[in-house]
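Here are some notes for a colleague who is meeting this structure for the first time. Please read them with the model open beside the text.

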Amino acid sequence: MHQSNPTILITSGVNESLLNKMIAKGINADVIPFIKTEIIQTKKIQQQVENILTMSTTVVFTSKNAVEAAIEYLQNKKPNWKISCVGTTTSILIENYFGKESIASIADDGAALAKKIITDKNLTELYFFCGDKRRDELPELLLQNNIAVNEVEVYTTTISPHTVEKDYDGILFFSPSAVEGFFENNSVPENSILFAIGNTTAEEIKKFTDNKIVISDKPGKKEVLEKMIMFFK
């Protein structure tokens with residue numbers, strides 16, 4: 001046992017059941033989101049989505065925000081898409097709306113997903129639902145392998161800096177943008193343990209501090225919280 005009642009900062013919103021699980025384990029938590037995401041609502045994107053809706057095509061999601069935005073645009077219509085995605089949370093959302101059979105591949109990050117996608121030698125084009133701060137690894141790898149990537153930008157991410165007033169035993173980060181938002185106004189004490197949803201987020205943390213970083217085995221908020229609970233308990 002590392003500490004009996006650690007105090008944790010969670011840098012993004014989490015559902016109540018996960019918070020209750022922490023409380024039951026004697027872990028104190030503050031939830032302060034350092035980013036804000038918003039669906040882009042335009043007629044142009046609506047037309048784009050409606051056109052893709054009619055296709056039997058390959059679609060890629062690398063975040064739950066992109067899935068939620070696409071679902072809002074689809075308005076209960078169920079397209080015949082072959083879907084590749086990043087992360088547990090994203091895949092669960094896709095299963096619930098599109099059906100489990102729609103999922104062609106799942107990976108832990110964009111680069112790993114691209115490597116899976118390019119094994120389909122018949123694939124020449126796909127649609128990538130993403131945000132305005134999407135990372136380059138996936139589209140670049142696909143383009144290098146002669147797969148055309150049609151990007152559909154469906155949400156924005158805005159960094160929302162705050163100044164925290166206390167030291168935390170652990171801090172949970174679920175995206176590189178949240179890392180950037182946190183460190184804009186804050187630093188961390190030497191003994192704080194930093195938890196990252198994946199390698200990309202961990203690499204962003206390393207730009208700001210040498211503190212110990214614990215990376216989740218799978219990319220999902222639930223998995224990060226469980227990793228943190230195991231560490232402290």
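1. Two strands are taken to pair if DSSP finds at least two bridges between them. On that basis this predicted model holds an open sheet of five strands, which follow one another in the order 2-1-9-10-11 with parallel pairing. Strand 2 (28-31) and strand 11 (213-215) form the edges, each of them pairing on one side only, and neighbouring strands of the sheet are turned against each other by 20° on average, direction ignored.

2. Within this sheet, strand 1 (residues 7-10) and strand 9 (residues 170-173) run parallel and are joined by three bridges; Leu9 has Ile171 in strand 9 as its bridge partner.

3. Helix 9 (residues 221-232) lies across strand 1, strand 9, strand 10 (193-196) and strand 11, and the helix runs at about 150° to strand 10.

4. Turning to the aromatic rings, the count comes to 13 pairs. One of them is formed by Phe61 and Phe98, a tilted pair with 6.3 Å centre to centre and 40° between the planes. Because Phe61 belongs to strand 4 (residues 57-61) and Phe98 to helix 4 (residues 88-98), the pair ties together parts that are 37 residues apart in sequence. Are these two residues, Phe61 and Phe98, buried or exposed? Phe61 is buried, and Phe98 is buried as well.

5. Two further points concern aromatic residues. A single aromatic cluster is formed by Phe34, Phe173, Phe182, Phe183 and Phe208, while Lys78 lies over the face of Tyr97, at 4.9 Å from the ring centre.

Note on methods: Residues are numbered from 1 along each chain as its sequence is written. This is a predicted model: local features need pLDDT of at least 70, side-chain atom pairs count only at pLDDT 80 or more; totals for chains, interfaces and linings use all residues. Side-chain values use heavy atoms; hydrogens and water are left out. Helices (H or I, at least four residues) and strands (E, at least two) are DSSP runs, numbered from the N terminus. Axes are lines fitted to C-alpha atoms, for helices over the stretch in contact, and angles run from 0 to 180 degrees between N-to-C directions. Contact means heavy atoms within 4.5 Å. Rings of Phe, Tyr and Trp (its six-membered ring) pair if their centres lie within 6.5 Å; planes under 30 degrees apart count as stacked, over 60 as edge-to-face and the rest as tilted. Buried means under 20% relative accessible area, exposed over 50%, partly exposed in between (1.4 Å probe, protein chains only). A charge sits over a ring if NZ of Lys or CZ of Arg is within 6 Å of the ring centre and within 35 degrees of the ring normal.
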